[in-house]
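Trainee: I would like to learn how to read the packing inside a protein model. Could you take me through an example, feature by feature?

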Amino acid sequence: MNVLLFAPGLLLLLLTELGVVKTVARLAICAGLQLVLAIPFLLENPVGYMVRSFDLGRQFFFIWTVNWRFLPEDLFLNRYFHLSLLGLHLAALAMFAVYRWNKKNRLLGLLRLEVPEKEEEESKLSSNEIVSVLFTSNFIGLCFSRSLHYQFYVWYYHTLNYLLWSTDLPTVVRLLVLGVIEMAWNTYPSTVESSISLHVCHLVLLVALWVKGHVSQTEVKVKKVK
């Protein structure tokens, strides 16, 4: 499931380097493969397969939540709360896509049918730019998740060091954020304090990622660390 959190960043990277036409062609290959693999299930029970494969409306148990323990259970289960989180998630992705991940700093620059030959070299992305966009896209999704359970820690723990050291935060703050996040995920059952601490750390990192500037600046910061 968490692979979907990387999808917005991956889409932007494809549009940046390839343009709309080549991006659609590559996504069609992915969709075609999924369709072929799903044929036996679609022939047997298409409605059941689609509903159970993409059951985005399922409810999570409050007892397992790591990130929203400080909320009343009725609010945690409220559909309007879920929609609010989705809206914030999409807004954050849009802001990063236009002003932090997009080399042109404008939305229309991502919607070109093809990348002109004279701009191909300029559109090439470095490995650090690619990793930064993908990791940040995943992290934004986790920040606005309607529930994080203990096993979800594996979705992003391995990306935290990279993200923190690509920001301008002092080293002591980076280490503190890592430590508090680890503490929050290892507190069972989760408490009001551990849940709030996790959100504070997420907010600090998210703001630091925004403040650091354009994603291309990651290249400079990583080189300095080396």
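Trainee: In which helix is Thr-136 found?

Mentor: Thr-136 is found in helix α6, where helices are DSSP runs (H or I, at least four residues; strands are E, at least two) numbered from the N terminus. Please keep in mind that this is a predicted model, in which local features need pLDDT of at least 70 and side-chain atom pairs count only at pLDDT 80 or more, while totals for chains, interfaces and linings use all residues. Residues are numbered from 1 along each chain as its sequence is written, and side-chain values use heavy atoms, with hydrogens and water left out.

Trainee: Is Thr-136 buried or exposed?

Mentor: Buried means under 20% relative accessible area, exposed over 50%, and partly exposed in between, with a 1.4 Å probe and protein chains only. Thr-136 counts as buried because its relative accessibility is 2%. Leaving out residues up to four places away in sequence, Thr-136 touches Phe-96, Trp-101, Leu-163 and Leu-209, contact meaning heavy atoms within 4.5 Å.

Trainee: What can be said of Phe-96, and where does it lie?

Mentor: Phe-96 lies in helix α4 and is buried, with a relative accessible area of 5%. Beyond its neighbours within four places in sequence, its contacts include Asn-102, Ile-140, Leu-206 and Trp-210.

Trainee: How many residues does the largest nonpolar core have?

Mentor: A nonpolar core is a set of buried Ala, Val, Leu, Ile, Met, Phe, Trp, Tyr and Cys residues joined through side-chain atoms within 4.5 Å. The largest one here has 38 residues, and among those with the most contacts inside it are Trp-101, Ile-140 and Trp-185. The elements giving two or more residues to this core include α1 (3–44), α4 (79–101) and α6 (127–143).

Trainee: At what angle do α1 and α4 pack?

Mentor: Two packed helices are described by the angle between their axes and the distance between the axes. The axes are lines fitted to C-alpha atoms over the stretch in contact, with angles running from 0 to 180 degrees between N-to-C directions. Here α1 and α4 pack at about 30°, with their axes 11 Å apart. That makes α1 roughly parallel to α4, on a scale where angles under 35 degrees count as roughly parallel, over 145 as roughly antiparallel, 65 to 115 as roughly perpendicular and the rest as oblique. The contact is made by Leu-5, Pro-8, Gly-9 and Leu-12 of α1 and by His-89, Leu-93, Ala-97 and Trp-101 of α4.
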